[in-house]
Amino acid sequence: MSRKISVFLIIGLLLVMLGVNMTSFAKTETLKVTAEAWYFNKYPMEEAAQRFQADHPGVTFEWSKAGDFEVAPLMLAWSRNRYIADVAIVASPSEAVAFQAKGLLLSFDDVLVGKYAKDKWLQGFLDQCTIDGKVYAIPSDAEVMTLIGRKDFAKEAGLTDANGNIIPAKDLNELYSYLQKLTVKDSTGKTTRYGLTVNWCSEYMVYAYFSGIQALRGSIYDKNGNLDFSSKEALALLDFWQKGVKEGLISTSSLVDHSGPRNDMKSGLAAILWEDHARVIEIGKVVGQDKMQIVPIPGADTNGTVSYTMSLMIPKNAQNPQLAKQFVLEQMNADWFAHDLMDKWGKLLGLKANIEARRDDPIWKTVYSLADKSVGLPKTVDHAKMVDIMTAEIHNMLKMQQTPEKTLANIQKQIKPLNLKPIK
Amino acid sequence: MLRKEKNKSYRILVFVIGVIASVTVLSPIIWIILTSFKDVKEIYTVPLTIWPRKFVWTNYLTVVEGLPEFPTYFFNSIKVTIGTLLLVLPASAAAGYALGRREFPGKAIINLFIIAILAIPFLVFLIPLYIIEDILNMLDTNIGLILPYAALNLPLGILVMQASYREIPSELEDSARIDGANAFQTWFQIMTPLVITGLAAVTIFTFVAVWEEYMFARTFMVNTSAQTLAVGLPSLRVESKSWAYGTLSAALTLSLLPISVVFIVLRKYFVEGVLRGSVKG
Amino acid sequence: MVKRDPRKRNNFIVSWLFVLPAVLLMGAFLLYPLLSALRISFSEYNFVYSEKPVFNGLTNYIKLFQDPHFLVAFKNTIYYTLVFFPLFMLIALCLALLLNSKVKGNGIFQTAILLPIVVPLSLAGIMFTWIFSQDFGILNHLLANVLHLPNLQRFWLGDTQTAMNSLIAVGLWKYTGFGIILFLSGLKAISSDIYEAAKVDGVNSWQNLFYITLPNLKGSFSLVGIWGIIQAIKVYDQVVVMTNGGPGTSTLVLYLYAWKNAFSFFNMGIGEAIAFFTAALAIIISVVFKFVLKPEKG
C-alpha cells in the first residue's frame, strides 16, 4: 500500500516539476510601456514591437496610454512600489530628477557600451539625462531651438540669395532690420503680418530666452557659474523682444496660448518662428514644405543653441528591466525608427549615427550642426519655480509694464532664495 | 385693459430676452459644431470663414480612429456615473430630509462639515485618497471612482435636497402622522413625489460633475480598462498639451450627444416641475 | 420628564438613521484626508525632497502674505468674485423667471440656455482660447468684418484689462445654467394657489413678480448665492486652460496657485495652506452673504 502511494507521489512530483518547467519555458515576458496617447500614434511603436519580437521570441508588449502626462500619478505609484510599466516616457529630464531624488529609477550606464557608448550620443542631449554622473533617462523627441523662416515672404522682402534661400542675420540688429522689412501693416497701422513670432508661453519661455543667450554669448552661465540674468547680451535680447513688440513687428499670441506661434505660421500671419525645429515639418504640412527653411538664431552657427528632450525612464520596480533597456536601445534608437521620426515629424533622437545618415538634406544638415553644438538647461530642484518667475517678469516687460533692466533685476532678486544648483 | 397690456408687454420682453440669451449662449457651441466639419486648411485660413466652404468628415474619422478604446471609456463613464448617482440620490434625499425638517443633536456639526467640503479646493484630497485606495486595492477599478465621487457630490446634493424638503408645508407631515405613518413612510411615500424637482437637479449636477471630472480619474486610473471618457479624450491630442481644433471640435460635438440625451430627458422634471395636486388637503 | 425622554431618544435614533449613509460615506473618504491635509498645511513638506512633514505652525500661512504672486492671486480671485457673483445671480434669476413663464418657444429656450452645463470646460476652454484669439479668433472677426465695429477688437486674453473679464464671461456661460436650475426649483415650489388668488384680485404680471415671486424665493437665494460664491472663489478650469494665469500673473487665481505649488513645485505645505485659505475665504464670504440675506436670524 505505502509503496503504491510512494510511486504515485514520485510520479506526481515529476509531473509537477515537468509542468513547472514547461510553463516557464512557454512563459512570455511582457514589456509594458506608458506614455501619453499621442506618442503611440505618432511613433512607430507597433513596428518596433514586432521587430523586437522577431529578435526576442516570447516577448509581448502592452501599451499603457495616458491622457496627460502628470508627474503626480507616476510619483505616487512608484513611491508606493506600485508597478505601472517597464518603460515610462515622460515630459522632461528635470522630472527625471524628481523621480531619482526618491531613488525610483534605474541607470542605463550598464548598457551604454559599444555602439551605444556615451560618446556616440549627442552630448547636449545626453547631458540633460545625466544625474550624478549616471544616465537615468534616454533622450527622445528631442528639439533644438532655432528660427524657422518662410522663404516666399523673405524673397518678397529681398532677403534671399540667388538660390532663394534666406541669408541668416549676423546679429540682433540685422535681424531687427529683417523684421522691419518682413512686417506688413495695413492702412490703419495694424499689423497684418508679423516679422517674427516667439513662443513665450511658460516652459517655452525658458528655452526661448536661453537659446538667445547661448547664441549670443556661447554660454548660458555667467562668470559665477549661475544662469545668466545679467550680461549685456541678456539685456540686448530682452530689448530686442520688447522693442519688436512695441513696434508691431513681433506677435504676442504666445502670451496666453502656447499654440499661438505655430498657428501664426500656419495661417501666414508671421514670417519667422522662434521655437523648436520640429515645427518646420508641422507647418510645412499646411503651407508647403518648399517654403520652409531653418535659420540659426544670430550667432547660433558658431555658439550653438539650447535643446531639450523628452526622456525615457525605467523605474526600479520594472518587471523586466534588462529587456526594457534592450528594447529602448535596439528598436527605439534604431536607424529606421529615428528616420521615421525625422521624416514625419522632424523630431530627433540622441544617437549621432542616425542623424549623420541624413546629412544630405539641407534641413537636417542645419539641424545636425545646431544639435551638435547644443546645450541643455541645467536640472535643478527649483526649476519649475524659476520658470514661473521668469515667465511672469518677462510677460510684464512684453506688456510694456517695466523695462528690460528692471525685469532682469526682478528675476535676480526673486530667484536668490531658490535652490538652482545644477544637478549633473 | 391695463392688466392685459401690462401682461403683453411682459410677455414680449420675456420673448426678446429669451431669443437674445439663446443666441448668445448657443453661438460658441454652434462655432464648435461648424468647425468640426471644416478641413484643416480651411480652419487655418485668415480671414476666417463661418460656414464651411465644404463639409468634410475627416475630423470625425480622426476621432473614431484615434480612440479605438472609446467603448471602454464610454462604458466606464456610464458605470461610474450611474454608480455614483445610486449612492448620492438616496443618501442626499435621506440626509436632506433630516437636516431640513428635524432637530437633533449633531446637526450643526454635519452642516459645518458639508460647507467645509464644498468650500475646499478638491486637490487637497488627491494624495490622501490615493493612499487610502492603494491600501484598499481600489485603484484602477470603477468602484475606486464611484465611492470618492459620491462622497464629494453629497454635500451639494444634501444642500439642494435640504432646501427642497423645507418647502413642504408642515401640515402634510402633521396629517401623515395623524394617519399613523412613521418617519420613514412619510419620507419615502409621501414626500418623495414632492421633491422630484430637487432630485432632478441633484441628478444633473452630479451627472455633469462626474462625467467631466479629470483630476481624480487621471490619477487613480492608469490602466485603459478602467479609464473614463474624461481621461480618454485627451488621447486625441496631437502633441503634448496641443489640440488640433478640427479634432477637438469633433470630439466635443460627439461627447455632447450622450449627455444631451440625458439632459433632454431630465429637463421635463427640473424645468417643468410636477403637478401640484398632491399638496392640497 | 419621563414622558419626553423616549421620544427624544427615538427622534435621535431616527434622525441619525437618515443621515447615517451620507455621513458614513463622507466621513470615510473625506474626513481623514481633510485633517491630514490640514496638518500638512501647518508643516514644512516637499513631496519629493522632504522625508516627512515637519510641523512649523503658521509659517506657511505667514509666508503666503510675503509672496507677491500669492497676493496677486488673492486680488485676482476677489476681483473675479466681485464681478462674477452679482452677474451670476442677476442673470440666473432673470433667465429662471423667463423659463418659468409660459412664453412661446419656451422649450427651445430651455434647451439652448441650459446646454452649456453639459459641456466640459476643460475642453471647451481650448475652443474659447481660439474664439478669443486676437488675430485668429471668430470674435474679433465678427466685430470687424460682420458688425463693422473694428475698434471694439481686443487682445482679449492677452490684455490685462480684458483677460480677467473674458474668463468671467466664460465662467458665466458655463455656470449660470446651474443657478437657473436651482432658482427654477424654488420657483416651482411656490404654490399656484397664491397666483390664482392674485389673478382674481386683478394683479398683473409685473406685480406678480415683485410682490409674490421674489419674496418667496428667499430660500433659493441663499442656496444659489452660496453655490455661486464658492464657484467664484474656487475658479480654476477655464483659467488653467485658457491663460494659465497669464500673461504674467494677471489672471493668476488662488486655486491655480495652490495647484502649482502642490504639483509643479511639489511644495505640499504651501499648496495646502493656499487651499485652506481659499476655503476659509469662501466660507467667510458665504457667512457674510447669509447674514445680509437674513439679518433677523442673528
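Two residues are taken to be in contact if their C-beta atoms, placed from the backbone, lie within 7 Å. The structure is a predicted model, in which local features need pLDDT of at least 70 and side-chain atom pairs count only at pLDDT 80 or more, while totals for chains, interfaces and linings use all residues. Residues are numbered from 1 along each chain as its sequence is written, and chains are lettered from A and ligands numbered from 1 in the order in which they are written.

Chain A is considered at the level of its domains, whose bounds come from an automatic or database domain assignment. This assignment gives domain 1, made up of residues 31–143 + 308–376, and domain 2, made up of residues 144–307 + 378–415. The centres of domain 1 and domain 2 of chain A, taken over C-alpha atoms, are separated by 28 Å, and 22 residues of domain 1 of chain A are in contact with 19 residues of domain 2 of chain A. Secondary-structure elements are DSSP runs numbered from the N terminus, with helices (H or I) of at least four residues and strands (E) of at least two. Among the elements of chain A that give two or more residues to the side of domain 1 that touches domain 2 are α5 (93–101), β6 (138–150) and α17 (362–372), and α17(A) gives the most to this side, with 5 residues. Residues are also sorted by class, with Ala, Val, Leu, Ile, Met, Phe, Trp, Tyr, Cys and Pro counted as nonpolar, Asp, Glu, Lys and Arg as charged, and the others, Gly among them, as polar. The side of domain 1 of chain A that touches domain 2 of chain A divides into 11 nonpolar, 8 polar and 3 charged residues.

Chain B touches both of the other chains described here, and its contacts with chain A involve 24 residues of chain B and 25 residues of chain A. On the side of chain B that touches chain A, at least two residues each are supplied by α2 (40–43), α6 (126–135), α11 (215–220) and α12 (229–232) of chain B, with the largest share, 3 residues, coming from α6(B). By class, the residues of this side of chain B divide into 9 nonpolar, 9 polar and 6 charged.

Towards chain C, 84 residues of chain B are in contact with 80 residues of chain C. Elements of chain B that give two or more residues to the side touching chain C include α1 (2–36), α4 (70–101), α10 (196–212) and α13 (245–272), and the largest share of this side, 17 residues, comes from α1(B). The side of chain B that touches chain C has 65 nonpolar, 10 polar and 9 charged residues.

Within chain B, the axes of helix α5 (residues 107–119) and helix α7 (residues 143–166) come within 8 Å and cross at roughly 125 degrees. The contact is made by B:Ile114, B:Ile117 and B:Leu118 of α5(B) and by B:Pro155, B:Leu156, B:Ile158 and B:Leu159 of α7(B), and by class it has 7 nonpolar, no polar and no charged residues.

B:Leu118, which lies in helix α5 of chain B, is buried, with 21 other C-beta atoms within 10 Å. A residue is called buried if 20 or more other C-beta atoms, placed from the backbone, lie within 10 Å of its own, exposed if 12 or fewer do, and partly exposed in between. Not counting residues up to four places away in sequence, B:Leu118 touches B:Pro155, B:Leu156 and C:Ile230. Helix α8 (residues 170–178) of chain B, by contrast, is hardly covered, the count of buried residues among its 9 residues being 0, and just after α8(B), B:Gly180 takes a positive phi of about 95 degrees.

Chain C has 13 helices and 2 strands, and buried residues make up 50% of its 298 residues. Its domain assignment gives domain 1 (1–41) and domain 2 (59–297), with C-alpha centres that lie 32 Å apart. Between these domains of chain C, 4 residues of domain 1 are in contact with 6 residues of domain 2.

Methods. Axes fitted to C-alpha atoms, helices over the stretch in contact; angles between N-to-C directions.
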